[in-house]
Structures are given as C-alpha cells and as structure tokens.
Amino acid sequence: MGGGYEERNERLSKLIAFFEGKLNRTLSPLETQTMGEWLDSGYQDDEITNALLDSLRQNKKNLRAVDKCLRAKRAADDVAKEGATGVNANYDKDIEQTLAIAKKLW
C-alpha cells in the first residue's frame, strides 16, 4: 500500500499548491480533505485543475464550484457512454439507486 499512498499524497500536495496559488490563499483542512476525496473517486489531476480554472473563469473561487464542475463533467461523460448516470449535481448515488435507474431505462 505504501507506493499508492505515497503517490496519492504527492498528487494531493501538487494539487493543493496549484489551488493555493490560483486562489491566493491557504486551503482549509476541510478543503484539502475534499481534494483527497476527488482523487479517491478517480478524478485525474488535469480534470481537477481544469475544473478549478473553469470555476475561476466564472468568478467562482470556492471548492463547491469546482466540485459541481467535476460532477457535471462526470455525469456528461457517463451519459455519453452509457445513456445514464449515477452522478447527481450534489452527490453520487449509491449502487442500488444506480441499478434501479438503469433497470427503469431499459
């Protein structure tokens, strides 16, 4: 587990530095935890940085806006590939809910 954990922490450190530079402030522990959750959810570094840049272009300087951008992109990708998504603007639905939705669509 050491290599994966170290790689994740390195990625997280780079993302934190990027965000702090762009936002011109220090991130809170809750914000850094949110960023770690993005990595754990499978978001790539470039997806996360692009979501921040998109949010800044809309003059939104908080991680909630970045999170919404990430979820919207994942939902759009899911719909394009699968025709449906388990991603909501506010949360990821659990697997049972996703399966129930998929059964209704078929």
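Select Asn59, which follows just after helix α3 and adopts a positive phi of about 60°. The model on display is a predicted one.

Next, select α3 itself, residues 45–57. This helix of 13 residues extends 19 Å from its first C-alpha to its last, close to the 18 Å expected at 1.5 Å a residue. Highlight Ile48, Thr49, Ala51, Leu52 and Ser55, which are buried in α3. Viewed down the helix axis, the buried residues of α3 fall within an arc of 155°, so they line one face of the helix.

Proceed to helix α4, residues 63–82, and select Arg71. The relative accessibility of Arg71 is 15%, and because buried means under 20%, Arg71 counts as buried. Display its side chain together with that of Asp67: a polar contact of 2.9 Å joins the two.

Now select Arg74 and Tyr43. Arg74 is placed over the face of Tyr43, at 3.9 Å from the ring centre.

The last stop concerns aromatic rings, of which the structure holds 2 pairs. Select Phe18 and Phe19: their ring centres are 6.4 Å apart and their planes stand at 65°, so this pair is edge-to-face. Phe18 is partly exposed, with a relative accessible area of 28%, whereas Phe19 is buried at 0% relative accessibility. Trp38 is buried, with a relative accessible area of 3%. Together, Phe18, Phe19 and Trp38 make up one aromatic cluster.

Methods
Residues numbered from 1 in each chain as written. Predicted model: local features only at pLDDT ≥ 70, side-chain atom pairs only at ≥ 80, totals over all residues. Heavy atoms only, no water. Helix = DSSP H or I, 4+ residues; strand = E, 2+ residues; numbered from the N terminus. Expected span 1.5 Å × (residues − 1). Buried < 20%, exposed > 50% of the residue type's maximum accessible area, 1.4 Å probe, protein only. Arc of directions from axis to C-beta. Polar contact = N/O pair within 3.5 Å; in protein donor to acceptor, adjacent residues only side chain to side chain. Phe/Tyr/Trp six-rings, centres within 6.5 Å; stacked < 30°, edge-to-face > 60°. Lys NZ or Arg CZ within 6 Å of the ring centre and 35° of its normal.
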